[in-house]
Amino acid sequence: MPAITQSDLDQLMSEHPTLTSEGYGRSPLVRASEEPALRANLASDLASVQEAANWINELGWTSAVSDSSPSSYHLKHVMEQATGRYVTNGAFIAAALLVDVPVKLNHLNPPIGISRGSLPNA
């Protein structure tokens, strides 16, 4: 898998103005005034995005995604348990988008088209 560059992450952030370290879209737990800092946190966390992308690349994913697909929040926790490495929900979503895994961008913790059967038992 080719390395994700800062330029790749910057372009993704530009294309997805509601993506923050918290997830995709507005979090009811975050004040609107805090969102720019959360975007900046994600934009400067290339190492976590790359690590999540590397982990995702080892899994099987589907060509379709549905509301019953595992959520980004669930998957980030599976990754953390498997690798011992913390990543934000937003970094996991960014990684999935950058490696072209299907993502249904419909709420804060969007479903991601990763096959449940490819997940490690965590």
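Biologist: Why does Ala53 count as buried?

Modeller: Bear in mind that this is a predicted model. The relative accessibility of Ala53 is 0%, and buried means under 20%, so Ala53 counts as buried. As for its place, Ala53 is found in helix H3.

Biologist: Staying with H3, what makes H3 and H4 roughly perpendicular to each other?

Modeller: The angle decides that one. H3 and H4 pack at about 90°, and their axes are 11 Å apart. Angles of 65 to 115 degrees count as roughly perpendicular, and therefore H3 and H4 get that description.

Biologist: Which residues meet where H3 packs on H4?

Modeller: From H3 there are Glu51, Ala52 and Trp55, and they meet Leu75, Val78, Met79, Ala82 and Thr83 of H4. By class, this contact has 6 nonpolar, 1 polar and 1 charged residues.

Biologist: You mentioned Thr83 in H4. Why is Thr83 called partly exposed?

Modeller: Thr83, found in helix H4, has a relative accessibility of 35%. Buried means under 20% and exposed means over 50%, with partly exposed in between, so at 35% Thr83 counts as partly exposed. In space, Thr83 and Ala32 are 32 Å apart from C-alpha to C-alpha, and in sequence they are 51 residues apart.

Biologist: Which residues make the contact of H1 with H5?

Modeller: H1 brings Asp8, Leu9 and Leu12, while H5 brings Ala94, Leu97 and Leu98. They divide into 5 nonpolar, no polar and 1 charged.

Biologist: Is Ala96 buried or exposed, and how do you know that?

Modeller: Ala96 has its place in helix H5. The relative accessibility of Ala96 is 0%, and with the limit for buried at under 20%, Ala96 counts as buried.

Biologist: What does Ala96 touch, not counting residues up to four places away in sequence?

Modeller: Ala96 touches Ile56, Val101, Val103 and Ile112. The C-alpha atoms of Ala96 and Ile114 are 9.2 Å apart in space, and these two residues are 18 residues apart in sequence.

Biologist: And what about Asp100: is it buried or exposed?

Modeller: Asp100 is found in the segment after H5. Its relative accessible area is 66%, and exposed means over 50%, so Asp100 is exposed. There is also a point of backbone geometry here: Asp100 has a positive phi of about 65° although it is not a glycine.

Biologist: Now a loop residue. Why does Ser69 count as buried?

Modeller: Ser69 lies in the loop between helix H3 (46–57) and helix H4 (72–83). Its relative accessibility is 16%, and under 20% means buried, so Ser69 counts as buried. Leaving aside neighbours within four places in sequence, Ser69 is in contact with Pro111, Ile112 and Arg116.

Biologist: How many cavities of 30 Å³ or more does the structure hold?

Modeller: The structure holds 1 such cavity. About 30 Å³ of space lies in the largest cavity.

Biologist: What makes a space a cavity?

Modeller: A 1.4 Å probe fits there but cannot get out. Rolling a probe the size of a water molecule over the atoms shows where empty space is left.

Biologist: Which residues line the largest cavity?

Modeller: Its lining is formed by Thr20, Glu22, Gly25, Ser27, Val30, Glu35 and Leu38. By class, the lining has 2 nonpolar, 3 polar and 2 charged residues.

Terms used. Residues are numbered from 1 along each chain as its sequence is written. This is a predicted model: local features need pLDDT of at least 70, side-chain atom pairs count only at pLDDT 80 or more; totals for chains, interfaces and linings use all residues. Side-chain values use heavy atoms; hydrogens and water are left out. Contact means heavy atoms within 4.5 Å. Helices (H or I, at least four residues) and strands (E, at least two) are DSSP runs, numbered from the N terminus. Ala, Val, Leu, Ile, Met, Phe, Trp, Tyr, Cys and Pro count as nonpolar, Asp, Glu, Lys and Arg as charged, and the others, Gly among them, as polar. On a 1 Å grid over the protein atoms alone, a cavity is a set of points where a 1.4 Å probe fits but cannot get out, and a pocket is an open set with protein on both sides within 12 Å along at least five of seven lines; lining residues have an atom within 4 Å of a point. Grid points are joined across faces, edges and corners, and a volume is the space filled by probe spheres set on the points. Buried means under 20% relative accessible area, exposed over 50%, partly exposed in between (1.4 Å probe, protein chains only). Axes are lines fitted to C-alpha atoms, for helices over the stretch in contact, and angles run from 0 to 180 degrees between N-to-C directions. Angles under 35 degrees count as roughly parallel, over 145 as roughly antiparallel, 65 to 115 as roughly perpendicular and the rest as oblique.
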